[in-house]
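Hello,

Here is the structure I promised to pass on. Please have a look, then read my notes below.

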Amino acid sequence: MSGVPQGSVLGPTLFLLFINDVCDIFGGLSVTCKLHADDIKLYTSYSNTYSDLVTATQRLIRWADTWQLTLAADKIVQSVD
């Protein structure tokens, strides 16, 4: 079991402390990381290579596995057709 207590007053604060370092894993990439509540948004400018965004997504998946967090896989875009 991992995570923070659901429905508690401290829950949101504990969750922020739990994921506080997630943006650090994108160092060296031209990707911007934004956190809001329980969402994370990764983006880059059009002029940058798409490979940085793919690499960032892979790092995020590994980070979530390490910390035993479940990601909404249907919301993760890894390739553009």
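Cys 23 and Cys 33 form a disulfide, with 2.1 Å between their sulfur atoms. Note that this is a predicted model. The structure holds one disulfide. The torsion about its S-S bond is about -55°, so the disulfide is left-handed. The pair links distant parts of the chain, ten residues apart. Cys 23 lies in the loop between α1 (11-19) and β1 (32-36), while Cys 33 sits in strand β1 itself.

Cys 33 has 17%, which is under the 20% limit for buried.

Next, the strands. β1 pairs with strand β2 (residues 39-43) in the antiparallel sense, over five bridges. Thr 32 has Tyr 43 in β2 as its bridge partner. The hairpin has two residues between the strands. There, Ala 37 takes a positive phi near 55°.

Then helix α2, residues 50-66. Its 17 residues should span 24 Å at 1.5 Å a residue. The end C-alpha atoms are 25 Å apart, which agrees.

Which residues of α2 are buried? They are Asp 52, Leu 53, Val 54, Ala 56, Thr 57, Leu 60, Trp 63 and Ala 64. These buried residues pack against α1 and β2. An α-helix has 3.6 residues a turn, so residues three or four places apart point the same way.

Just after α2, Gln 68 takes a positive phi of about 55°.

Best wishes

Notes:
Residues numbered from 1 in each chain as written. Predicted model: local features only at pLDDT ≥ 70, side-chain atom pairs only at ≥ 80, totals over all residues. Heavy atoms only, no water. Disulfide = S-S within 2.5 Å. Helix = DSSP H or I, 4+ residues; strand = E, 2+ residues; numbered from the N terminus. Buried < 20%, exposed > 50% of the residue type's maximum accessible area, 1.4 Å probe, protein only. Pairing = 2+ DSSP bridges. Expected span 1.5 Å × (residues − 1). Contact = heavy atoms within 4.5 Å.
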